[in-house]
Amino acid sequence: MSIKPRLFSTVQCLRHENPLGLPRSGAPPQLPRMQRGLPTKRPLPSVRKTIAVSSAKGGVGKSTIAVNLALAFARLGHRTGILDTDIFGPSIPTLLSLNGQEPRLSGNNQLLPIVNYGVKSMSMGYLVGEDKPVVWRGLMVMKALQQLLWEVEWGGLDILVMDLPPGTGDTQLTITQQVVLDGAIVVSTPQDIALRDAVKGVEMMRKVDVPLLGMVQNMSVFICPKCNHSTHIFGSEGVAHACSKHDVPFLGDIPLHASICDDADRGKPTVVAEPASGRAQAFMAIAERIAKDVKL
């Protein structure tokens with residue numbers, strides 16, 4: 001006996017056309033027709049500025065940086081949201097201590113974001129169980145992504161941070177070809193094996209005509225909490241050198257610190273957990289620079 005997956009309380013069966021199971025009455029019009037073989041880019045409704053945080057390499061702390069930047073924008077007084085576009089491995093519900101929450105529907109059958117720490121958020125993680133895998137083929141994944149992009153009622157944002165999944169595949173291509181992005185940030189650690197993929201992410205953004213706001217070097221230096229000795233575990237200035245070589249702005253360093261990991265794991269990121277710390281100030285400085293670059 002097979003059990004059909006149930007992703008939303010209002011759905012009886014799932015189809016490729018509607019993998020999130022949203023009611024169809026009053027749904028927005030379909031995406032514009034393909035023109036010259038490519039979709040037409042358009043801004044997300046009621047969102048002033050949209051930036052993408054990418055890594056092209058998993059395990060470099062991209063989602064932690066994305067959520068801390070979103071919280072930093074909020075602390076700067078901007079109406080902020082974060083969209084988790086990783087269908088298979090969503091992290092935002094955990095990072096914002098929102099696991100187990102389910103979004104409601106608006107009167108227009110749009111998903112309503114879930115709010116914590118003053119930041120609106122939407123993620124596939126809210127629509128499936130915390131421990132439930134998403135075992136879908138490409139068509140279902142792309143349809144779910146379309147619904148996350150175009151069927152969320154953000155209610156007016158100054159800036160939306162998109163947390164992209166690792167890589168340079170279908171999800172990244174869909175977003176960069178369909179959404180007007182005001183810029184992209186590429187996250188990497190200093191070691192060469194991560195930088196090789198990060199550079200691929202940089203070149204992808206250039207190929208799809210997305211402005212590059214710059215690169216962030218994560219886990220740049222470890223400072224011993226007992227003796228204050230600094231150690232460059234993953235090398236030093238690797239991202240800065242890559243930025244110089246590929247003509248990309250260098251946005252700043254985020255240190256390797258146990259508290260950043262602990263804060264993320266307990267769902268209270270560093271910017272709100274330890275706002276006066278040097279670690280939080282590093283996030284704030286990067287957010288201030290990005291806000292200036294995109295003219296918030």
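Helices (H or I, at least four residues) and strands (E, at least two) are DSSP runs, numbered from the N terminus. The model on this tour is predicted, so local features need pLDDT of at least 70, side-chain atom pairs count only at pLDDT 80 or more, and totals for chains, interfaces and linings use all residues. Residues are numbered from 1 along each chain as its sequence is written, and side-chain values use heavy atoms, with hydrogens and water left out.

**The whole chain**

The protein chain exposes about 14100 Å², of which carbon and sulfur atoms supply 52%; accessible areas come from the Shrake-Rupley method with a 1.4 Å probe, and for residues only the protein chains shown count as cover. Contact means heavy atoms within 4.5 Å. Among contacts with a separation of 6 or more in the protein chain, 77% are made by residues 24 or more positions apart.

**First stop: Ala-264**

Select Ala-264 in helix α7, which covers residues 258-265. Ala-264 is buried because its relative accessible area is 7%. Leaving aside residues up to four places away in sequence, Ala-264 touches Thr-64, Thr-94 and Leu-95.

**Second stop: Thr-174**

Move to helix α4 (residues 170-178), where Thr-174 is found. With 13% relative accessibility, Thr-174 counts as buried. Show Met-142, Leu-145 and Gln-146 as well; Thr-174 touches these residues, when those up to four places away in sequence are not counted.

Select Arg-42 together with Trp-150. The charged end of Arg-42 sits over the ring of Trp-150, 3.8 Å from its centre. A charge sits over a ring if NZ of Lys or CZ of Arg is within 6 Å of the ring centre and within 35 degrees of the ring normal.

**Last stop: two positive phi angles**

Most residues other than glycine have a negative phi. Select Asp-209, in the loop between α5 (192-207) and β7 (212-223). Asp-209 is not a glycine, yet it has a positive phi of about 60°. Asp-209 counts as exposed, at 64% relative accessibility. Finally, go to Lys-295 in the segment after α9 (278-293). Lys-295 has a positive phi of about 60° although it is not a glycine, and at 65% relative accessibility Lys-295 counts as exposed.

Notes. Buried < 20%, exposed > 50% of the residue type's maximum accessible area, 1.4 Å probe, protein only.
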